[in-house]
Amino acid sequence: MNPARRRAYIELLFVAIIWGFASPVIKYTLGGFSPGVFLTYRFFISAVLALVIFAITGFKFPKNPKTLALTIFNGFLLSTVSLGLLFLGTDKTTSIDSNVISTMGPITIALAGIFFLKERVTKREAVGILIALAGTLITIIEPVLKSGNALGALEGNLLVFGSVIVATVTAVLAKKILRDNVDALFATNISFIVGFITILPFGLPQILNSKFEILTSVPLSYHLGVFYMAILSGSLAYFLWHRAEKTIEISEVNLIAYLYPLFGTPLSVFWLGEKITAPYIIGAIVIAVGVFLAEVFQNYFETLEG
């Protein structure tokens, strides 16, 4: 394996850990803030950090106006739309369900990469994807069917799945943007600024109507959750994700989604008190086997053949 790909896989491992923890962090923090206030607060922090970064590195605007417009539009989908659906959905379902549904992303993204970007998927990767999909189905069926709040959980699961579909669109757009030599740091941070501007009308009225008490009256732990989502799950994780996507195929980049439950589930159980079942454990093992076949096993044979 060449050094660039190895670096990309290490970056993606860090992203998987951060985003795996994100679902329980979101679920917990939504206990203190509404989705609109949470997102406004989160994007405010990210936007300020983005402006600081731009002040240091400069605004590396794409020279092509169409590419710039596509970058801004992608930032809107990636921030306001995708995360908006995710937060609204997670507020209505469990963090375990949210994490599991998010693992559907690689399937939709791999298919998008094949049909729209003409990317190649090897037989071993295809087998790994199918096995991981089987694991996802095992883990998702029982939580949805046995939810205590069936209608609310179903609505939440559908919203989270909607965020997966939007994320698929942004993955394809991001790949096209990065192929046009758009700076990964610029693409990441411009999305936060766009996100803050477009989400502001939804959260600002709630903040002003409460005379900022909606922010000042909650414990520090909820604020720490917002900072986690803004800095680690936002600025750092998206930057690493964009860097990795510039090096390897989107079908491989997004296989890391299969790892989210492996990191997020223990936190959901011990911190939030959510429960897991035998089918979930079986599904997690099957998911791990699928990722191993699609990534580790494939790269091992590439090394032997090389």
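The following legends describe close-up views of a predicted model.

Local features are reported at pLDDT of at least 70 and side-chain atom pairs only at pLDDT 80 or more, whereas totals for chains, interfaces and linings use all residues. Residues are numbered from 1 along each chain as its sequence is written, and side-chain values use heavy atoms, with hydrogens and water left out.

**Figure 1. Overall helical arrangement of the protein chain.** The chain has 13 helices and zero strands; helices (H or I, at least four residues) and strands (E, at least two) are DSSP runs numbered from the N terminus. Of its 306 residues, 52% count as buried, where buried means under 20% relative accessible area, exposed over 50% and partly exposed in between (1.4 Å probe, protein chains only). Contact means heavy atoms within 4.5 Å. Among contacts with a separation of 6 or more, 92% are between residues 24 or more positions apart.

**Figure 2. The tilted aromatic pair of Trp19 and Trp241.** The structure holds twelve aromatic pairs. Rings of Phe, Tyr and Trp (its six-membered ring) pair if their centres lie within 6.5 Å; planes under 30 degrees apart count as stacked, over 60 as edge-to-face and the rest as tilted. In the pair of Trp19 and Trp241, the centres are 6.5 Å apart and the planes make 50 degrees. Trp19 belongs to helix α1 (residues 3–29) and Trp241 to helix α10 (residues 220–247), so the pair ties together parts 222 residues apart in sequence. Trp19 is buried at 14% relative accessibility, and Trp241 is buried at 5%.

**Figure 3. The crossing of helices α1 and α12.** The axes of α1 and α12 (residues 260–272) come within 8 Å and cross at roughly 30 degrees. Axes are lines fitted to C-alpha atoms, for helices over the stretch in contact, and angles run from 0 to 180 degrees between N-to-C directions. The crossing is right-handed; a crossing is left-handed if the near helix is turned anticlockwise from the far one by less than a right angle, and right-handed if clockwise.

Figure 4. Helix α2 (residues 35–57) has 23 residues and reaches 32 Å from its first C-alpha to its last, close to the expected 33 Å. The expected span is 1.5 Å times one less than the number of residues. Just after α2, Gly58 takes a positive phi of about 90 degrees.

Figure 5. Ser98, in helix α4 (residues 95–102), is buried with a relative accessible area of 1%. Beyond neighbours within four places in sequence, Ser98 contacts Ser23, Leu86, Thr90, Thr93 and Val160. Ala132 lies in helix α6 (residues 123–145) and is buried at 0%. With the neighbours within four places again left aside, Ala132 contacts Tyr258, Val286, Ile287 and Gly290. The C-alpha atoms of Ala132 and Thr103, 29 residues apart along the chain, are separated by 8.7 Å.

**Figure 6. Ile231 in helix α10.** Ile231 is found in α10 and counts as partly exposed at 34% relative accessibility. Leaving aside neighbours within four places in sequence, Ile231 is in contact with Ile45 and Leu236. Between Ile231 and Ile45, which are 186 residues apart along the chain, the C-alpha separation is 7.8 Å.
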